[in-house]
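Please read the notes below alongside the model.

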Amino acid sequence: MSRKSRNKPLSKVITIYCEGESEVAYFKMLGRKYGKLKTIHTDKVKVKSLDANGISILEEAYRQESNKGKKSEEVYVAFDRDDMRDDEVARCVKYANMRGYKILFSSISFEIWILLHFEEVGRQYTNEQLTKKLSGEKYFGTNYAKFKGNSYDKFLYDKVTDAKKNGDKLLKCNANLISDNPYTNISSEIGNIFQTEIF
């Protein structure tokens, strides 16, 4: 069955608050990709780095939303588990639910989502292992730690379909945001954010 765009330009304002520059670069790439499909007005999806993690990024997102003249109609907050304990992650989920925010969460880091553009993932990785793997010739072919925050277009633009498929498969096995590792829920939200069924 072929997938069709919803062909209805996005009219509501969405803000994605991100932990770091890698997430910002990635979501801006998606904005360019889906802007060409005319599924969204690219100026309606705002992406901003807050250089924070866990409860701190959620609280800062709330502060920024509270200080806006016009609040976002949907707020997403993208961050990683890193070294957070399960109870700290659970506190983040509770806070996000209280504010009506959606969490884009990756365990152990955002790079698990990046890896899903290349292959299925079924095992845990440390941050160091992910960085080393993504630096390989089959992936970015450069020091990924130094690359982070640069444009992903050359590497991932045409691989989002694979990431969506691999991410959905991972979520079927690892669906618990609080305790599962590897985990990422980005595949379940990008269609909603960018109003598309074409990946």
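The points below take the strands, then the rings, then the pocket.

1. Basis. This is a predicted model, in which local features need pLDDT of at least 70 and side-chain atom pairs count only at pLDDT 80 or more, while totals for chains, interfaces and linings use all residues. Residues are numbered from 1 along each chain as its sequence is written, and side-chain values use heavy atoms, with hydrogens and water left out.

2. Strand E4. Of the 6 residues in strand E4 (residues 102–107), 5 are buried (buried means under 20% relative accessible area, exposed over 50%, partly exposed in between, with a 1.4 Å probe and protein chains only). Helices (H or I, at least four residues) and strands (E, at least two) are DSSP runs, numbered from the N terminus.

3. Partners of E4. Strand E3 (residues 74–80) pairs with E4 in the parallel sense over 5 bridges; pairing requires that DSSP finds at least two bridges between two strands. Tyrosine 76 has lysine 102 in E4 as its bridge partner. Between E3 and E4 the chain passes through helix H3 (residues 86–99), and this β-α-β crossover is right-handed (with the strands pointing away from the viewer, the path from the first strand over the helix to the second runs clockwise). E4 is also joined to strand E5 (residues 183–184), antiparallel, by 2 bridges, with serine 106 opposite threonine 184 in E5.

4. Aromatic pairs. The whole structure holds 17 aromatic pairs, counted for rings of Phe, Tyr and Trp (its six-membered ring) with centres within 6.5 Å; planes under 30 degrees apart count as stacked, over 60 as edge-to-face and the rest as tilted. Phenylalanine 140 and tyrosine 152 are edge-to-face because their planes stand at 70 degrees, with ring centres 6.0 Å apart. Phenylalanine 140 is in the loop between helix H5 (127–134) and helix H6 (144–147), and tyrosine 152, 12 residues apart from it, is in the loop between H6 and helix H7 (153–156). Both residues are buried. They belong to one aromatic cluster that also includes Trp113, Phe118 and Tyr144.

5. Charges over rings. Arginine 99 lies over the face of tyrosine 62, at 3.6 Å from the ring centre. The charged end of lysine 33 sits over the ring of tyrosine 157, 4.8 Å from its centre. The criterion is NZ of Lys or CZ of Arg within 6 Å of the ring centre and within 35 degrees of the ring normal.

6. Largest pocket. Its volume is about 170 Å³, the space filled by probe spheres set on grid points joined across faces, edges and corners. A pocket is an open set of points on a 1 Å grid over the protein atoms alone, where a 1.4 Å probe fits, with protein on both sides within 12 Å along at least five of seven lines; lining residues have an atom within 4 Å of a point. The lining has 14 residues, and Asp80, Ser109, Glu111, Asn127 and Lys148 lie nearest the centre. Helix H1 (21–36) and H5 are the elements that give two or more residues to this lining.
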